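Good morning. I will take a few minutes to go through one model. Please have a look at it before I start.

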Amino acid sequence: MNGGRLPTAEFEVEEVERAARTAGLGQDRQAEPGMLRILDPEGRLADGMTAEIAGELVDFAPYLSTSDAPHLLSLYRDMYLVRRFDQESTALQRQGQLALWVPLTGQEAAQIGSGRAMEAQDYAFPTYREHGVALTRGVELSEILRLFRGVTNGGWDPRERNFHLYTLVLAAQSLHAVGYAMGIQRDQLADPSLPQAASVAYFGDGASSEGDIHESMVFAASFDAPVVFFCQNNQWAISVPSTVQTRVPLAKRAEGYGFPGVRVDGNDVLAVEAVTRWALEHARTGRGPVLIEAYTYRMSAHTTADDPTKYRLSGDEQEWRTRDPLARLETYLRSAGLANDAFFEGLAGEARVMASDLRAAVLSMTAPDLESRFAAVYAEPHPLVQEELRFFQQYESGFADEGKHA
Amino acid sequence: MATMTIARAINEGLRASLANDPKTLLMGEDIGELGGVYRVTDGLKKDFGAMRVVDSPLAESGIIGTAIGLALRGYRPICEIQFDGFVFPGFNQITTQLAKLRTRSDGMLSAPVVIRIPYGGGIGSVEHHSESPEALFAHTAGLRIITPSNPQDAYWMIQQAVTCEDPVIVFEPKRRYWLKGEVDTGAPVGDPFTAHVLRRGTDATVVAYGPLVPVALAAAAAAEEDGRSVEVIDLRSISPIDFDTVTESVIRTGRLVVAHEAPTFGGIGGEIAARVSERAFLSLEAPVIRVGGFHMPYPVARVEEQYLPDIDRILEALDRAFAY
């Protein structure tokens, strides 16, 4: 259940442990002051959630969905499905069907919680790991795999889902999110009857060091742009720990830009959802940007090309596994009598069908013609591209008789 | 018809773009209250307001990156980069994001962002204020690059860049900002991505663009005194390049000199030389000769006159072409 056990191949353990001690790692990082949480790792639900944010006491009661049983089940379902999707995608990569895979295991609550907090009119700008957010925005999960299959660099129409294409250059999308939010501001000035909206900029602890994050926060603050910066601090930028990226909790950086920053337990889907709902409302209603740091852990590798046993302690992984976002919600759902074996078994069956359909969809994805790529470079006719296309067609047609390149 | 400087013509062109389409907006450092360090946007904030003429924070990646986001929301941002040498903090956003958006989205998305960059030397300025980085952008598929050399082109080409569905970089020849000329605001100049033959000749062709167009014309006039009939082409567009016009000219004249301020190595001149040798090899009486900057960072102001191609450097190149 819950995604199963992760590989923990151990070698060079002593070396890694020595390096970790030097870097001050392996210490308890659970006791994080000011981290918002309503569902603890043992699956116990707190009575409420409040916080002092930018000098104001915020009661998250209006944003919490804790008393909405069908909603809780649907949150669990989303998290379960996307974890199963992650496992199937990892398998597809291992079997040579995908060029690369970027796992999200461990970050389901951060992604499903924040994604479900968005309204249809909001617009998300993902990194390359936001499979859970994609699910909540209605992107077909198989569409995500087109990029990793190498048949497109996009995969879906962002305008249909209000979910931008994956961006692989770290932090570049955070500026797009701010610019998009500046557009929302202008649209609402022109037509106040439009629904209030915000954009969400996803990024990670690694990308927080990129200059574009700084510039995007400066622009957002300068123009009070309706944007929520959603940072998933999964502790590791490939092999470099978040302690190398920042000396203070990332959420605290917001203060330097003059807008609220909140650290939330990124493995608590209910807290993430509530905090994101609050932040989106804050942004949509003209009160400016918010930074959310979802404190979580990448329970798997950075990508399928990565080997975490080279740089981090298996003990850390074990410890974080006790804070698994799915396990704690399952415990709560069972203890509160909201779900029983039949629910979880039914979900497992649904996920098996999804995985099987996904596999079939991936195997049927075929490469585009290189010829078609000429048409997507420019919107308007471009003589050089046209000339090179003619050359390419002529060159290819020379092989027609041999049937080699048909 | 009105006589105005290139700077004024761009100002008027921007004014027309802002008036024609409510989705257009200007972004850049010091472009609002101040009107830009070259005053190209003078008065526009007063007339169109702070939401349409945005004094941005001092961050080039921020300007380009937020412009991309605005374009995704349906806007047509026109960004000003204050000086050529300051575009590089925005280089990542331009080359990895702006240029690729259409391809990455399989043609679904467009990014009609315009980036205005005052470029080139000859203004006696300090480091990073006199560069010609156009080849770095021309090498990037997905971008269009134009550079007007006179007020009439400046007035129209900026507006055409704004209505183009592709991202367009407009390199503005800053040392010619005060060059005056006639502007006919009722007569569009046609396709901005084509070259114009400015002077007819029969013995050799000189291709130039931006700030070197007046130099090329002066060199052709001087050559005429030596009995050489030199054709001058203003390239106007650096990506795409109008190879048809250039090739047609070279087939008639048999000789080609390409002049630009940017260093010749890996530059636009080399690209033109290669294409022309492919298309008109048997018409060439001499190798294509490039006139340009040397392979060094742009030199200090006190020696830039020696570095920059001038009339004599173009005439010397013509001499070499005629020596074959």
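I will begin with chain A as a whole, then one of its helices, then chain B.

This is a predicted model, in which local features need pLDDT of at least 70 and side-chain atom pairs count only at pLDDT 80 or more, while totals for chains, interfaces and linings use all residues. Residues are numbered from 1 along each chain as its sequence is written, and chains are lettered from A and ligands numbered from 1 in the order in which they are written.

Chain A has 16 helices and nine strands; helices (H or I, at least four residues) and strands (E, at least two) are DSSP runs, numbered from the N terminus. Its C-alpha atoms fill a box of roughly 75 × 55 × 50 Å along the principal axes. The radius of gyration of chain A is 22 Å, which agrees with the value near 22 Å for a compact globule of 406 residues. That radius is taken over C-alpha atoms, and the globule rule is 2.2 Å times the number of residues to the power 0.38.

How many of the 406 residues of chain A count as buried? The share is 47%, where buried means that 20 or more other C-beta atoms, placed from the backbone, lie within 10 Å of the residue's own.

Now the helix. In α13 of chain A, residues 325-335, the buried residues include A:Leu326, A:Leu329 and A:Leu333, and also A:Arg328 and A:Glu330. The buried residues of α13(A) pack against α2 (69-94), α3 (108-117) and α11 (269-287) of chain A. Just after α13(A), A:Gly337 takes a positive phi of about 75°.

On to domains, whose bounds come from an automatic or database domain assignment. In chain A, domain 1 is 13-363 and domain 2 is 371-402, with 41 Å between their centres, taken over C-alpha atoms.

Chain B is assigned domain 1 (2-183) and domain 2 (196-322), and 26 Å separate their centres, again over C-alpha atoms. The contact takes 23 residues from domain 1 of chain B and 19 residues from domain 2 of chain B; two residues are in contact if their C-beta atoms, placed from the backbone, lie within 7 Å. On the domain 1 side, the elements giving two or more residues are α6 (134-138), β6 (144-146) and β7 (168-173) of chain B.

Key: A residue is buried if 20 or more other C-beta atoms lie within 10 Å of its own, exposed if 12 or fewer, and partly exposed in between; C-beta atoms are placed from the backbone.
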